[in-house]
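Subject: Structure handover

Hello,

Here is the structure I said I would pass on. Please look it over first, and then read the notes below it.

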Amino acid sequence: MAAEGSDWLRGRFVIFNVCRGRFHLQAAGQGALIGIPSQSQLHLHALHRRPIMRSNSQALKHRSSHDTEREFGGTLGALCIPVFLPLTVLFLVGVSRSPDASVLQWPPPLPSTEQLWDPLALVLLLGWVALHALLYVMPLGKVSEGLVLRDGARLKYPINGFYGLCVSSVLLMLLLGLGAPLGYLFELLLPLAVCAIAVSFLFSVYLYIRSFWVPSHALALGGNTGNPVYDFFIGRELNPRIGDFDLKYFCELRPGLIGWVVINLGMLMKEVELRGSPSLAMILVNSFQLLYVADALWNEEAVLTTMDIVHDGFGFMLVFGDLAWVPFTYGLQASFLVVHPQSLSSLGAATIIALNGIGYYVFRKSNSQKNQFRRDPTHPSVAGLETIATATGKRLLVSGWWGLVRHPNYLGDLLMALAWSLPCGFSHLLPYFYVVYFAVLLIHREARDERLCRAKYGLAWDTYCRRVPYRIFPYIY
């Protein structure tokens, strides 16, 4: 899920064989690719004058809706996913707070209207987004250029998400010092999820409408089918901006991702209220997931090459994933532990910490090796790695971490995901939702990458697969 490990944080949800990965999907074929040719340094402004709308519409009229391959089941999937995934979020959040915490109970207990709505939740959500919008535009950190766009332009992005995490942490510590009841977030979980889902829908409508006022080259290839249902879901505009404020990039790693950490802290404080101190299991879950989020934000620049930014339009799929799916389903372990406390032995805790450490090491080292090779193939740390040339001018890594398996970062990710769930014990399935979901997600993502890379690189890809036969798990898969 960290920035360079996924389209990640980029497609990011898999339900009923409808999949996409938000923290770990990369532009097709980039998992083992190096070398991005230099391009012009022009800039593209996403807002244009109204006359361009006519050329946009005319271009659509001459483009068959069958020109672009449709994902996620096409129109049917685009109709069903915006219904079932929000219901899934509400179901999982509700179950995590229930005494039974059973995902197999049917019909599930339905919350009352009072449990679903609290105006304070809407105020907190909008205030949180506003805070991070303010931090986004502050002159903190450096500014980096994204990849070249179809018109030859390159957009600029502020790399200051880690500063946003630090400022948020300071503000939270101040609030705790002043006696703010952060544990009340436990009671607000369902209302917050409802508000996040509602904001996701409204924001997606805005994005779809505004996409008709941009030039055709500013539209995402996959979201420009002419089918309004599918285009609303997948996203028409590639890089929607208000001035220099990039809406997709802002949502990718900031309010939802940092919000996930804040919700976890609220669950820890609720446990303190109930039991006097946080359990070791709760501390581990909070620490592991904070490390993951901090790593993603520290390496924020890497998200500029992920599929979310480079390829996918900004529609309901990514909006909902960023603002609702990630903060409310990735941290189910913490809310589960509030109602279902677990005791860990020293040996058990040490084993789980070691597992998370190994996963993080594999994840970080493999991503760092790949990114260093992309930036400077002559660097001493990567100069000796073996590669295979392709007809496109790119090269495929076949040694180092990327000679072990084709996606070592996915392997590290899965080890960490398992370590997040183990502190919750084995009495319930719910805490393991994330690791199961993520395994399906990454396997689906790997298969999709495989298909695209074989089409793109032909014989070179076949040679690569013979040299690196294992996809994610060495000697297994």
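A word on annotations before anything else: UniProt positions are given here in the numbering used for this structure, feature names are shortened, and an annotation may be inferred rather than shown by experiment. Please also keep in mind that this is a predicted model.

Transmembrane regions

The UniProt record, an unreviewed entry, carries the annotation "transmembrane region" for residues 72-96, 116-138, 159-182, 188-209, 314-332, 344-363 and 417-443. I looked at two of these spans in the model. Residues 159-182 are 71% helix and 4% strand, with 29 Å between the end C-alpha atoms. Residues 344-363 are 90% helix and 0% strand, and their end C-alpha atoms lie 26 Å apart.

Phenylalanine 72

Phenylalanine 72 sits in the loop between helix H1 (52-61) and helix H2 (74-96). Its relative accessible area is 10%, so phenylalanine 72 counts as buried. In sequence, phenylalanine 72 and tyrosine 230 are 158 residues apart, while in space their C-alpha atoms are 9.5 Å apart.

Arginine 254 and helix H9

Arginine 254 is found in the loop between helix H8 (247-253) and helix H9 (255-275). Is arginine 254 buried or exposed? With a relative accessible area of 3%, it is below the 20% cut-off and therefore buried. What does the side chain of arginine 254 reach at 3.3 Å? The answer is the backbone oxygen of proline 158. The side chain of arginine 254 also makes a polar contact of 2.7 Å with the side chain of asparagine 160. Once neighbours within four places in sequence are set aside, the residues in contact with arginine 254 are Tyr136, Pro158, Asn160, Gly161, Tyr249, Gly259 and Glu300.

Helix H9 has 21 residues, and at 1.5 Å a residue it should span 30 Å; the end C-alpha atoms are 30 Å apart, so the two values agree. H9 is mostly covered, since 16 of its 21 residues are buried. After H9 comes glycine 276, which has a positive phi, near 90°.

Aromatic pairs

The structure holds 32 aromatic pairs. In one of them, tyrosine 361 and tryptophan 401 have ring centres 6.0 Å apart and planes at 70°, so this pair is edge-to-face. The pair links distant parts of the chain, 40 residues apart: tyrosine 361 belongs to helix H14 (residues 346-375) and tryptophan 401 to helix H15 (residues 401-404). Tyrosine 361 has a relative accessible area of 48%, so it counts as partly exposed.

Phenylalanine 433 and tyrosine 437 form a stacked aromatic pair, with 5.9 Å from centre to centre and 5° between the planes. Both residues lie in helix H17 (residues 433-457), where they are 4 residues apart, about one turn of the helix. Phenylalanine 433 is buried at 18% relative accessibility, and tyrosine 437 is buried at 3%.

Arginines over rings

Two arginines are worth looking up in the model. Arginine 97 lies over the face of phenylalanine 186, 4.7 Å from the ring centre. Arginine 241 lies over the face of tyrosine 157, 4.9 Å from the ring centre.

Regards

Note on methods:
Residues are numbered from 1 along each chain as its sequence is written. This is a predicted model: local features need pLDDT of at least 70, side-chain atom pairs count only at pLDDT 80 or more; totals for chains, interfaces and linings use all residues. Side-chain values use heavy atoms; hydrogens and water are left out. Helices (H or I, at least four residues) and strands (E, at least two) are DSSP runs, numbered from the N terminus. Buried means under 20% relative accessible area, exposed over 50%, partly exposed in between (1.4 Å probe, protein chains only). A polar contact is a pair of N or O atoms within 3.5 Å; within protein, one must be able to donate a hydrogen and the other to accept it, and residues adjacent in sequence count only if both atoms are side-chain atoms. Contact means heavy atoms within 4.5 Å. Rings of Phe, Tyr and Trp (its six-membered ring) pair if their centres lie within 6.5 Å; planes under 30 degrees apart count as stacked, over 60 as edge-to-face and the rest as tilted. A charge sits over a ring if NZ of Lys or CZ of Arg is within 6 Å of the ring centre and within 35 degrees of the ring normal. The expected span of a helix is 1.5 Å times one less than its number of residues.
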